[in-house]
Amino acid sequence: MGGVKLIGITTSFPCARVEWALKLKGVEYEFIEEDLMNKSPLLLKYNPVHKKVPVLVHDGKPIAESLVILEYIDETWNVNPLLPQDPYERAMARFWAKFNDEKCVLGAWNTCSAEGEEKEKAIESAKESFAFLEKQIEGKKFFSGENIGFLDLVVGWIPIWVSAMEEIGGTSLVNAANFPCLHEWAQNFVQDPHIKECLPPIEKIVNYIQGGISYLRALAANKQ
Ligand SMILES: N[C@@H](CCC(=O)N[C@@H](CS)C(=O)NCC(=O)O)C(=O)O
């Protein structure tokens, strides 16, 4: 399996991150659409640990986990660096990436999957997390400075995926009034032609997330 292949689904933001990085670097790749309801032997072979997408396959060698893949891409193709040169700045980019994946994503997910009091708590908690990102982007065009970089790709789910979650949950988590800098960044981010190329329509993401919520609810009901 030579060249660069990406096993993924178009509605997943961890997959979109990887596609954005490949586009920004000008790397040619083949996108292999996975069926997560009926996982392919290829996915199970290349990501036997987590059995999740994305998986990047470069010259036959698989790499899983989107944050690991982004770093691999940055180290393999030098044009348009994604991570900062300065070790402290690099550490900070990794810190906020971890924060995004552990706190912001989970928080936003809970705002559309939880109900009642739990949902109210989730909205508060998600907003607290987004407030930290707002501080990070204040006074800057992109999280990485003048150009889109690693952290921009990591938080790149906010413009469309958060909007989809807001639509499902009937909430408004990130808007011009509560997080003006994050909101402006989101507008700039989706205008970039490389990003635009791999942005699924919001209706597709809404369907995907709703499907995920129903699936998890059915699993939980069967366990009782
Ligand atoms: N931490 C992983 C998360 C990947 C992930 O959750 N992928 C989802 C799609 S968005 C998946 O493959 N889910 C299938 C499953 O959980 O069985 C990453 O950043 O790559």
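User: Let's start with the ligand. Which residues surround the ligand?

Analyst: Keep in mind that we're looking at a predicted model. The shell is made up of S12, P14, L36, K39, K52, V53, P54, E65, S66 and Y208. Sorted by class, that shell comes to 5 nonpolar, 2 polar and 3 charged residues.

User: And where does the ligand sit?

Analyst: In the largest pocket.

User: Which side chains have N or O atoms that pair up with ligand oxygen atoms?

Analyst: For a polar contact, look for N or O atoms within 3.5 Å of each other. K39 gives one case: an N or O atom of its side chain is 2.5 Å from a ligand oxygen. S66 gives another, with a side-chain N or O atom 2.6 Å from an oxygen atom of the ligand.

User: What about a nitrogen atom of the ligand, how far is it from E65?

Analyst: A polar atom in the E65 side chain is 2.8 Å from that nitrogen. As for cover, the ligand on its own exposes 510 Å², and the protein buries 71% of that area.

User: Now salt bridges. How many are there in the whole structure?

Analyst: The general idea first: side chains of opposite charge can pair when their charged atoms come close. Searching the whole structure turns up 9 salt bridges. Take K23 and E197, whose closest N and O atoms are 3.0 Å apart.

User: Why pick that pair, and what does it tie together?

Analyst: K23 belongs to helix α1 (residues 13–25) and E197 to helix α9 (residues 193–197), so the bridge ties together parts 174 residues apart in sequence.

User: On to the backbone. Is the peptide bond from V53 to P54 cis or trans?

Analyst: Read omega for this one. The V53 to P54 bond is cis, with omega near 5°. P54 itself belongs to the loop between α2 (41–46) and β3 (55–58), and both V53 and P54 are in the ligand's shell.

User: Where does E65 lie?

Analyst: In the loop between β4 and α3 (66–76).

Notes:
Residues numbered from 1 in each chain as written. Predicted model: local features only at pLDDT ≥ 70, side-chain atom pairs only at ≥ 80, totals over all residues. Heavy atoms only, no water. Near = heavy atom within 4 Å. Polar contact = N/O pair within 3.5 Å; in protein donor to acceptor, adjacent residues only side chain to side chain. Areas by Shrake-Rupley, 256 points an atom, 1.4 Å probe, with all protein chains shown as cover. 1 Å grid on protein atoms, 1.4 Å probe; cavity = no way out; pocket = protein on both sides within 12 Å on 5 of 7 lines; lining within 4 Å. Sits in = over half its atoms within 2 Å of the grid points. Nonpolar A, V, L, I, M, F, W, Y, C, P; charged D, E, K, R; others polar. Salt bridge = Lys/Arg side-chain N within 4 Å of Asp/Glu carboxyl O. Helix = DSSP H or I, 4+ residues; strand = E, 2+ residues; numbered from the N terminus.
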